[in-house]
Amino acid sequence: MSVLRVLSCGPGVTVQDRGRAGFLAQGLSRGGAVDRLALEEGAALLGQPARTALEMAGMGGRFSCDAPLRIALTGAPMKASLDGAPLRWHASHLLPAGSVLEIGGVTAGAYGYLSVGGGFAEPERLGAQSAHLAAGLGRAVQAGDALALGQDRGGETGMLLEAAPRWAGGEIRILPSLQTDLYPRAEQTRFEQMEFTRDARANRMGARMNPGGAGFGLDAGQTILSEVITPGDIQIPGDGAPYVLLSECQTTGGYPRIGTVIPADLPKVAQAPAGAKVRFRFVSRDEALAAQAGFVRDVKGLAGRIAPLVRDPAMMQDLLSYTLISGMITGEEEP
Amino acid sequence: MTIPSDTGFPRIDSVGLDGLLVRFGETLDEPANRAALAFRAALERAGPDGVEECSTSLVSCYVRFDPLAVAPEDLSARLGALVKTQDWYAAALPEGRRLVTIPAVYGTDLAPQLAEAAAAAGMSEEEAITSLSQAQVRVTAIGFAPGQPYMGTLPEAWNIPRQTALTPQVPVGALVVAIRQLVLFSVSTPTGWRHVGQTAARLFQPESETPFLLRPGDEVRFPAVSRAVFERMKEDPSGGLTAEVLA
């Protein structure tokens with residue numbers, strides 16, 4: 001079996017997949033990639049069902065494989081090169097046997113992803129490969145690791161996918177949460193009008209957002225009964241600065257939650273780098289549902305949107321027709 | 001039905017885009033906790049279409065569903081119909097409950113917030129140790145972190161709030177207190193609860209056949225032990241934890 005050798009890597013590199021659902025009653029949150037869309041983009045670029053990738057928080061590493069290896073680079077764009085020659089992000093490439101892939105720091109966003117042909121084949125714990133550091137499941141990838149690779153059925157490389165931009169914060173859509181009504185209407189309005197800056201304190205559990213004015217602490221906030229928590233919940237501890245909870249969040253908690261980010265906008269929250277400006281806007285359930293349907297539709301359509309990196313004029317006709325029929329082939333792709 | 005209608009409970013609320021919460025009360029009380037546990041067991045048996053996962057916290061049952069497949073109004077109506085089938089507040093506790101004993105060191109540098117918590121509860125440190133080490137509490141919920149119990153209910157004096165700021169990190173096995181409840185941490189984590197005791201218990205063992213040690217309904221005691229005994233328990237795979245089945 002082939003392995004991906006980790007010659008060096010940053011401190012926040014982990015194997016991630018779609019996480020492990022079904023353990024909420026035992027206190028274990030689902031976890032998995034903080035930017036689910038990036039996993040799907042990697043799978044689309046490689047034309048495969050595997051949804052495993054190396055998630056790289058801010059900084060990548062140097063990697064090598066003894067056999068030729070297909071890779072896809074998705075999520076937050078990072079500086080990347082193959083034996084010193086620059087590589088496009090949001091694209092698939094073929095690494096010759098023994099070549100060195102070097103992935104540096106992010107140039108925008110927060111989490112980059114390295115997907116491999118065949119996916120990773122690391123041991124599963126409680127049904128998934130993903131490290132869940134908050135739960136003590138697995139560990140971060142380290143220099144010297146040799147990560148097991150699955151069998152690649154092969155396919156094209158040198159393909160490009162224009163990724164939905166989500167690297168700079170912006171407007172985040174939210175729904176009411178369990179304690180929204182504890183906040184006076186005027187406070188909810190002020191929350192929507194406030195510009196927040198993503199704090200340097202952020203990880204796979206959540207991201208702190210610093211208000212540009214007075215915080216949003218609640219007088220009654222310290223004695224609320226602990227209730228279920230879901231990814232996206234905007235929890236506000238006593239100091240008044242909200243935390244948006246992400247994939248490795250706790251499963252219950254007693255700090256008040258003013259709202260919850262809709263699932264379709266979670267990749268945007270996760271990818272907002274430190275210093276990015278963020279605003280929150282309450283939306284109706286209908287709008288949130290439409291956004292979710294759109295998100296699912298976009299994911300299904302990813303495979304139809306990949307195009308060759310090199311735009312040879314002789315291929316342009318094919319390219320155009322490929323784009324035109326993309327709506328027809330999406331239904332056959334895996335969700 | 002003996003549910004008092006003026007309380008507004010049980011009540012069904014939506015949680016984000018893909019969840020519903022059946023709440024049996026708004027403060028922790030024993031009948032409401034039993035109601036939540038029994039309701040979830042019944043819901044799992046009924047297995048309504050579109051439900052992907054359910055869990056309980058202290059006095060509520062959470063239901064996650066596929067929002068593109070199920071209309072929350074329909075699922076809510078089905079949950080409402082199940083709510084009406086019996087008096088959940090009179091339901092029995094889960095079967096197979098156990099009495100679990102987990103020795104703890106109170107205070108010292110191992111659990112540095114005992115003095116602060118005792119003061120908030122209006123007790124001396126000695127009184128606080130006596131109160132906490134003699135209490136028998138029940139696992140009312142598993143949550144926050146894997147296998148991690150919320151346990152209650154402590155005497156009224158322990159109705160102390162959480163801290164306004166988070167403690168950056170408490171170790172695995174930390175016993176913490178707030179709002180008449182104890183939590184025993186299964187992972188190292190930030191917390192707003194005050195760290196009053198330290199145990200050698202490992203409540204989440206992912207490599208084990210039974211990764212999650214405690215279950216809702218179990219009774220738990222935390223007798224005080226010396227640091228020397230604690231150091232020995234750390235070498236013991238069970239962490240000094242013992243359990244007997246309750247009749």
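Trainee: Which exposed residues sit on the face of H4(B) turned away from its buried side?

Mentor: Glu126(B) and Gln134(B) are the exposed residues on that face. Keep in mind that this is a predicted model.

Trainee: And which residues of helix H4 of chain B are buried?

Mentor: H4 of chain B covers residues 125–134, and its buried residues are Ala128(B), Ile129(B) and Leu132(B). Look down the axis of H4(B): these buried residues fall within an arc of 100°, so they line one face of the helix.

Trainee: What do the buried residues of H4(B) pack against?

Mentor: Three elements of chain B: strand S6 (105–106), helix H3 (114–120) and strand S13 (194–198).

Trainee: How should I read a nonpolar core?

Mentor: Start with the general idea. In soluble globular proteins, nonpolar side chains tend to be buried together. Now the case here. The largest nonpolar core has 173 residues. Those with the most contacts inside the core include Leu114(A) and Val244(A) from chain A, and Leu175(B), Val176(B), Phe185(B) and Val196(B) from chain B.

Trainee: Take Val196(B). Which residues does Val196(B) touch, leaving out those up to four places away in sequence?

Mentor: Val196(B) touches Tyr106(B), Ala111(B), Gln113(B), Leu114(B), Ala117(B), Leu132(B), Leu175(B), Val176(B) and Val177(B). Leu132(B) is also one of the buried residues of H4(B).

Trainee: Now the domains. Where are the bounds in chain B?

Mentor: Domain 1 of chain B runs over 5–90, and domain 2 over 98–245. Their centres, taken over C-alpha atoms, are 29 Å apart. Across the boundary, six residues of domain 1 are in contact with nine residues of domain 2. On the domain 1 side, the touching residues are three nonpolar, three polar and no charged.

Trainee: How do I read the interface between the chains?

Mentor: The size of an interface is often given as the accessible area lost when the parts come together. The contact takes 41 residues from chain B and 40 residues from chain A.

Trainee: Which strands of chain B each supply at least two residues to that side?

Mentor: S1 (11–15), S2 (19–23), S3 (51–56), S4 (60–65) and S7 (136–142). S3(B) gives the most, with three residues. By class, the chain B side divides into 24 nonpolar, 13 polar and four charged residues.

Trainee: What is the mean pLDDT of chain A?

Mentor: The mean is 91, and 91% of the residues of chain A reach 70 or more. Check residues 315–335 of chain A, though: there the pLDDT is below 50. Beyond near neighbours in sequence, that stretch has 15 contacts in the model.

Technical notes:
Residues are numbered from 1 along each chain as its sequence is written. Chains are lettered from A and ligands numbered from 1 in the order in which they are written. This is a predicted model: local features need pLDDT of at least 70, side-chain atom pairs count only at pLDDT 80 or more; totals for chains, interfaces and linings use all residues. Domain bounds come from an automatic or database domain assignment. Two residues are in contact if their C-beta atoms, placed from the backbone, lie within 7 Å. Ala, Val, Leu, Ile, Met, Phe, Trp, Tyr, Cys and Pro count as nonpolar, Asp, Glu, Lys and Arg as charged, and the others, Gly among them, as polar. A nonpolar core is a set of buried Ala, Val, Leu, Ile, Met, Phe, Trp, Tyr and Cys residues joined through C-beta atoms within 7 Å. A residue is buried if 20 or more other C-beta atoms lie within 10 Å of its own, exposed if 12 or fewer, and partly exposed in between; C-beta atoms are placed from the backbone. Helices (H or I, at least four residues) and strands (E, at least two) are DSSP runs, numbered from the N terminus. The arc is that of the directions from the helix axis to the C-beta atoms. pLDDT is the predictor's confidence in each residue, from 0 to 100.
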